[in-house]
Amino acid sequence: MALAVTCGIATTLPAQAQIGSERYAAIVTDARSGNVLIAASPDEQRYPASLTKVMTVYLAFEALRDGRVTLDTPIRVSANSASMAPSRLGLTAGMTLSVEEAILALVTKSANDAASALGEFLGGGSEDRFAQMMTMKARALGMTRTTFRNASGLPDLDQVTTARDMALLGRRLMIDFPERYSFFSTPHFVFRGRTHWNHNRLLQEYDGADGIKTGYVNDSGFNLVASAQRDGVRLIAAVFGGQTSRERDRHMMALLDQGFGQMGVAVAVRRAPAFLAAAQASPLRGRHVLATAHAAPLRAARRTAVAAAAKPEVRPARAAMSAARPTLLRTVGTRTTLRPVARIEQGDSDGRPAVRPMARPAKAAAPAARPNRRTR
């Protein structure tokens with residue numbers, strides 16, 4: 001049941017908001033008890049995008065724990081895995097990478113080719129079989145409204161989850177694999193001489209943040225599962241449906257602030273993002289958003305008519321889609337050959353590079369050019 005909550009939002013620049021739209025969902029939980037502190041449409045199904053990779057990594061951690069693989073175990077890349085849409089490491093058929101490299105590629109770069117290769121390896125050569133293993137594990141963990149169809153999160157009409165289920169998965173990662181959870185706070189990793197930076201900007205911008213994962217495809221919006229710890233209190237939160245990664249991040253930070261406030265933890269002064277450090281815009285004061293399943297979108301201060309006109313239209317679901325599915329994945333084709341339009345899975349970026357730590361490796365790679373978001 002969606003709970004109505006009022007969240008104070010402090011921002012430095014206005015955003016084109018999707019928060020409150022029909023694809024929005026959010027939840028904040030206490031990691032220790034599992035109690036829900038804040039929720040909005042927490043059980044409505046949404047497309048997980050690259051949040052799918054959290055389960056892929058969970059099953060990799062299980063294989064490491066059970067001794068079926070080691071961090072150094074080599075994974076051979078198939079032609080199918082090498083053909084995955086971006087975000088990618090640039091793997092080619094026949095090359096190998098280690099289990100550790102694959103995990104690092106998922107939690108930082110959100111690489112779909114590495115996710116597929118890891119899924120095929122753990123699934124005995126079949127990513128479809130691995131997806132069945134993912135769904136079975138989701139049910140065993142209590143994720144009752146989640147179904148997986150691949151290891152990466154690339155679009156599939158039947159691959160759905162909820163904010164509650166993803167927050168639960170994040171909590172179980174901490175409980176079941178406390179010694180490996182730090183993978184999700186990795187700032188960057190180097191693969192074949194190229195440095196890949198973590199897409200999760202909260203690691204640099206929010207005090208106490210230490211994971212977990214970003215996600216994006218066109219039809220899910222910008223998603224994030226995040227964890228943060230202050231004064232012995234740890235929160236796990238999930239947000240779905242941001243129009244931009246910046247809007248999603250701001251909203252997540254506001255939700256975490258409110259969650260810590262409910263737990264009696266003082267809210268720390270927020271660090272300014274590196275690329276906004278020079279901005280002199282005044283923060284919004286006294287602005288709130290009512291986050292419910294039917295709430296109106298957040299009205300950012302001084303939103304221009306141009307920005308409002310640029311807001312993407314949400315198309316209604318076709319009759320062929322089940323009412324239980326999210327209603328945002330567009331299709332192409334005739335009535336008898338409907339198929340989803342392929343969408344590049346970028347993991348997070350909406351054109352801006354992830355915020356990087358002050359201390360960088362000597363030869364960090366330049367941010368990749370923004371890929372086309374619509375490929376067939």
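Predicted model: local features only at pLDDT ≥ 70, side-chain atom pairs only at ≥ 80, totals over all residues.

User: How do the axes of H1 and H5 cross?
Analyst: The axes of H1 (residues 52–65) and H5 (residues 127–141) come within 10 Å and cross at roughly 90 degrees. That makes H1 roughly perpendicular to H5.

User: Which residues make the contact?
Analyst: On H1, they include Met-55, Tyr-58 and Leu-59, and on H5 they include Phe-130, Met-134 and Leu-141. By class, the contact has eight nonpolar, two polar and two charged residues.

User: OK, the largest nonpolar core: how many residues?
Analyst: It has 59 residues, and Met-55, Phe-61, Leu-89, Leu-97 and Ile-103 have the most contacts inside it. H1 gives the largest share, nine residues.

User: What does Met-55 touch?
Analyst: Leaving out residues up to four places away in sequence, its contacts include Met-134, Lys-137, Met-143, Phe-148 and Leu-169. There's also a second, separate core of 22 residues, with Leu-37 and Val-239 among them.

User: Switching to the sheet: what's the strand order?
Analyst: It's an open sheet of five strands, E3-E2-E10-E9-E8, with antiparallel pairing. E3 (36–40) and E8 (209–217) are the edge strands, each pairing on one side only.

User: And how many bridges between E9 and E10?
Analyst: Eight, in the antiparallel sense. Ala-228, for one, has Leu-235 of E10 as its bridge partner.

User: Which strands does H6 touch?
Analyst: H6 packs on the sheet and touches E2, E3, E8, E9 and E10. The direction of H6 makes about 145 degrees with that of E10.

Terms used. Residues numbered from 1 in each chain as written. Heavy atoms only, no water. Axes fitted to C-alpha atoms, helices over the stretch in contact; angles between N-to-C directions. Helix = DSSP H or I, 4+ residues; strand = E, 2+ residues; numbered from the N terminus. Parallel < 35°, antiparallel > 145°, perpendicular 65-115°, else oblique. Contact = heavy atoms within 4.5 Å. Nonpolar A, V, L, I, M, F, W, Y, C, P; charged D, E, K, R; others polar. Core = buried A, V, L, I, M, F, W, Y, C linked by side-chain atoms within 4.5 Å. Buried < 20%, exposed > 50% of the residue type's maximum accessible area, 1.4 Å probe, protein only. Pairing = 2+ DSSP bridges.
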